[in-house]
Amino acid sequence: MYYAVTHLTLYKYSHAITDSVMEVRMHPRSDGHQRCLRFNLEVAPKSKVFSYRDYLGNTINTFNVPGAHERLAVKAEAVVEVREQPPLPDALPEDSWLAVDAHAAQDRDVYDMLLPDRYTQSTPLLEVFADEIGWSRRADPLSMLRQLNTAIYGAFEYKQHVTDVDSLIDVALESRRGVCQDFAHIMLVLARQVGIPSRYVSGYLFHRTEDHDRSDEDASHAWVESWLPGLGWVGFDPTNNLIVSDRHIRVSVGRDYSHASPAKGVFLGSADTELAVRVKVSMLDEVPVEETTLDPEITLPQTTAEVPIVLSQMQQMQQQ
């Protein structure tokens, strides 16, 4: 499958600010069954963009806007090929736990995905939920992850504006409502509790009417990847009760949202910030020529323009 992705972000400040320094994770990954064939990042006010790759293979673009400005717009465009993955077995051998433990002990990057972070700390409310679903090491790792994926989907209502981008898991656990970021964090903590290395994935999901996805199609998406012997990193989408497929477009991975957020930054000045976001994912029959605009309806706004969806958060929201 070929996809065109356009991700537009606009920051609006109540007063002019200076020295914006931004870090953007919007460049889709090229690994496994996915290749990023084309990527372009535009910024207004204009700024020189630098890029580098971190130790997990994420491409990070950085830029700064030193002069006074009341708006900051970022438009990322990408063409991505995602190939269909072979079907998973129904289960793994029960002795797969030995292989999971051994590999985590030998591979630093895999072991790193057993460690808690800001949004993936266990809490008493999480332990209550774990008891409800009878969560303890048993059967085999793949079967347990399938069960956990389904359990979170069934126990939580998908609802926007119950949690914020910086909410800890207790907010969703108490209300039993939330969005993909919350469900991914809950799944990460529980998977790590039984020794399955698991990481947060930020990306996009291509929506089709027949799929009845709970997540919104005009936003970024989040899910979980867990390391399994003989399979490597396998994706689970608890928001939609899916095994990750060729509809999922991977952008960045990390221990939790704080390591994989689409955009974050700082500035000099005192101002309230409004954030507007628009995401569009389209399927392509073929790769367009280099000069073609991927989505002419989504254009980089001028510094005096408006963008429809307004959210009051400083960071790029992962709220679908």
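Tutor: Let's start with Glu 84, which is exposed, its relative accessible area being 65%. Keep in mind as we go that this is a predicted model. Glu 84 sits in the loop between β5 and α1 (96–106). Setting aside neighbours up to four places off in sequence, Glu 84 is in contact with His 33 and Asp 246. Glu 84 also pairs up in space with Gln 34: the two are 50 residues apart in sequence, yet their C-alpha atoms lie 9.3 Å apart.

Now step back into strand β5 (residues 69–82), where you'll find Glu 81. Is Glu 81 buried or exposed? With 11% relative accessibility, Glu 81 counts as buried, because the cut-off for that label is under 20%. Look at what Glu 81 touches, again leaving out residues up to four places away: Met 1, Tyr 2, His 33, Gln 34, Arg 35 and Leu 37. So His 33 turns up among the contacts of Glu 81 and among those of Glu 84, if you go by the two contact lists. One of the Glu 81 partners deserves a zoom: the side chains of Glu 81 and Arg 35 are joined by a polar contact of 2.4 Å.

Cys 36 is worth a click while you're there: Cys 36 is buried, at 16% relative accessible area. Cys 180 is buried too, with a relative accessibility of 0%. As for disulfides, searching the whole structure turns up zero.

On the α3 side, the contact is made by Leu 126, Glu 127, Phe 129 and Ala 130, and α6 brings Ile 186, Val 189, Leu 190 and Gln 193. Sorted by class, that contact of α3 with α6 has six nonpolar residues, one polar and one charged.

Ser 51 is exposed, with 53% relative accessible area. Beyond residues up to four places away in sequence, Ser 51 touches Ile 60 and Asn 61. Ser 51 and Glu 23 are 28 residues apart in sequence, with 9.4 Å from C-alpha to C-alpha.

Definitions and conventions. Residues are numbered from 1 along each chain as its sequence is written. This is a predicted model: local features need pLDDT of at least 70, side-chain atom pairs count only at pLDDT 80 or more; totals for chains, interfaces and linings use all residues. Side-chain values use heavy atoms; hydrogens and water are left out. Contact means heavy atoms within 4.5 Å. Helices (H or I, at least four residues) and strands (E, at least two) are DSSP runs, numbered from the N terminus. Ala, Val, Leu, Ile, Met, Phe, Trp, Tyr, Cys and Pro count as nonpolar, Asp, Glu, Lys and Arg as charged, and the others, Gly among them, as polar. A disulfide is a pair of cysteine sulfur atoms within 2.5 Å. Buried means under 20% relative accessible area, exposed over 50%, partly exposed in between (1.4 Å probe, protein chains only). A polar contact is a pair of N or O atoms within 3.5 Å; within protein, one must be able to donate a hydrogen and the other to accept it, and residues adjacent in sequence count only if both atoms are side-chain atoms.
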